Amino acid sequence: MTNVSYEGSRSHYAEGVEFRVSTVQLLTATGTYIEAPDQRYRGEAVASVVLIALGLRANSQTRHHTGSLSPGTWSTHSVSCFADMTVEQILSRLTVGTRVTFPGGATTGTSTIVLVVPGYKESSALVLTEETPFHPVSHSWPDQEGDRGSLTVGKATLPVVDTLTVATTTDGIRALYVDSEIPVRKVVSGWTFFVAHVVPIADPASIDVVEGRPVALAVDADRRRALSASHTATHVAALAMNKVCAHMWRKVADTDALGNPDLDRIAMERSTITISGATDTYRFGKSLRKSGFSTDQFCGEVDSVSAMVNQQVNEWLRSRARVAIEVAGPTLDAARTWTCELDGRVAKFPCGGTHVVGLDDLASVSVTYEISDDAHEVVMRTVPTRQDGSTPLR
Ligand SMILES: [Zn+2]
């Protein structure tokens with residue numbers, strides 16, 4: 001409900017300034033208000049946030065607010081697990097980012113629950129733990145799908161249907177930002193990042209899944225292996241493509257970890273990594289041509305590019321090179337670097353995903369290219385076959 005409309009506010013403000021006040025019902029005693037970004041800015045793309053802030057003293061009856069901060073989309077959800085904790089205490093439990101063990105290849109672990117957010121997307125909840133082997137989908141570059149698996153708390157085992165990145169900030173609205181709502185990339189001071197396990201139950205407290213309880217975490221290891229195979233395969237395919245296409249550049253370009261012009265990074269539009277392979281979409285438009293790459297030559301020679309990329313990738317697989325993830329620290333927001341020795345050089349670049357431990361874990365990799373009708377987009381599809389004989393999962 002709007003108490004003061006944009007139009008109605010104008011007479012109180014200088015020319016061109018407007019303001020809006022809406023009513024939000026909170027089912028608790030409160031002496032505060034929620035400042036929504038659309039209060040002053042009409043039509044702004046406004047992130048939805050799960051607000052657990054607002055200086056309320058939360059108790060078992062407190063409701064908090066979730067949903068998009070745009071007119072007409074407010075909704076409330078019960079927070080039944082914050083008994084006798086103030087919001088400051090809740091956020092104070094979230095000052096240290098989640099410790100992650102997936103960079104070392106872990107798929108199981110034990111930890112303690114630090115926060116349960118019920119009512120996420122109505123019928124689910126988010127469970128945050130001190131430490132986890134679960135790899136979350138990145139909020140800023142969502143290439144690799146989040147892990148799935150299960151959480152066991154006491155006698156209850158809950159499926160984990162997705163794993164997300166969430167963040168809090170000491171700046172501005174004190175809130176828990178979920179996945180694509182997070183307005184910053186990593187490594188920004190004042191922000192802390194966490195792994196959120198999505199469980200398909202609206203109120204985990206009803207089965208005693210609450211803060212402070214010990215939890216056993218188990219990732220679907222076969223699915224993880226498939227995702228890791230796809231992720232490693234796409235990096236190796238990209239390096240091979242850069243090498244094979246090095247002669248197609250007419251100007252000096254930024255180079256990749258092996259010293260070849262970095263077509264993959266320069267043209268990259270988006271990357272999707274699933275259990276059945278990886279799909280990289282490259283923009284082959286005017287700006288790539290301006291930077292000196294002959295898109296005509298690529299499109300004209302795509303069959304031989306494809307043959308040579310496949311040959312190079314599978315030659316590198318036979319080198320049995322080790323793949324390692326170097327980590328700058330134990331928490332989710334610490335920098336992670338993919339490293340692999342190829343052509344006598346150590347290839348390194350930033351990568352937040354999971355990987356096989358050696359190229360010999362992949363029996364073979366198939367790389368294909370598809371050029372859009374207007375030749376403005378090229379899609380590279382990379383499908384690995386794992387050494388244990390399994391073809392990609394469906
Ligand atoms: Zn990566």
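Q: How are the donor residues of the zinc ion spaced in sequence?
A: The spacing is H-x3-H-x115-C. Here donors are N, O and S atoms within 2.8 Å of the metal (3.2 Å for Na, K and Ca), and since water is not among the atoms, sites may look incomplete.

Q: Where do H231 and C351 sit in the chain?
A: H231 belongs to helix α3 (residues 221-244), whereas C351 is in the loop between β20 (345-350) and β21 (362-371). The pair is 120 residues apart and links distant parts of the chain. Helices (H or I, at least four residues) and strands (E, at least two) are DSSP runs, numbered from the N terminus.

Q: And which atoms hold the zinc ion?
A: The protein donors are H231 (NE2), H235 (NE2) and C351 (SG), at 2.1 to 2.2 Å from the ion.

Q: Are H231 and C351 buried or exposed?
A: Both H231 and C351 are buried. Buried means under 20% relative accessible area, exposed over 50%, and partly exposed in between (1.4 Å probe, protein chains only).

Q: Before we go on, what kind of model is this?
A: This is a predicted model, where local features need pLDDT of at least 70, side-chain atom pairs count only at pLDDT 80 or more, and totals for chains, interfaces and linings use all residues. Residues are numbered from 1 along each chain as its sequence is written, and side-chain values use heavy atoms, with hydrogens and water left out.

Q: Thanks. Back to α3: how many of its residues are buried?
A: Helix α3 is mostly covered, with 20 of its 24 residues buried. From first C-alpha to last α3 reaches 34 Å, close to the 34 Å expected at 1.5 Å a residue; the expected span is 1.5 Å times one less than the number of residues.

Q: What caps the N-terminal end of α3?
A: D220 does, with a side-chain oxygen 3.3 Å from the backbone nitrogen of D222.

Q: How many aromatic pairs does the structure hold?
A: There are seven. Rings of Phe, Tyr and Trp (its six-membered ring) pair if their centres lie within 6.5 Å; planes under 30 degrees apart count as stacked, over 60 as edge-to-face and the rest as tilted. One of the pairs is F284 with F298, edge-to-face at 5.0 Å centre to centre and 70° between the planes.

Q: Why does that pair tie separate parts together?
A: F284 lies in the loop between β17 (277-283) and α5 (286-290) and F298 in helix α6 (residues 295-300), so the pair joins parts 14 residues apart in sequence. F284 is buried at 1% relative accessible area, and F298 is buried at 0%.

Q: Why is the pair of F293 and F298 called tilted?
A: Because their planes are at 55°, with the ring centres 6.3 Å apart. Ring pairs link W249, F284, F293, F298 and Y369 into a cluster.

Q: Last one: what is S306 in contact with?
A: Leaving aside neighbours within four places in sequence, S306 is in contact with V367 and Y369, where contact means heavy atoms within 4.5 Å. S306 is found in helix α7 (residues 302-318) and is buried at 18% relative accessible area.

How values were computed: A polar contact is a pair of N or O atoms within 3.5 Å; within protein, one must be able to donate a hydrogen and the other to accept it, and residues adjacent in sequence count only if both atoms are side-chain atoms.
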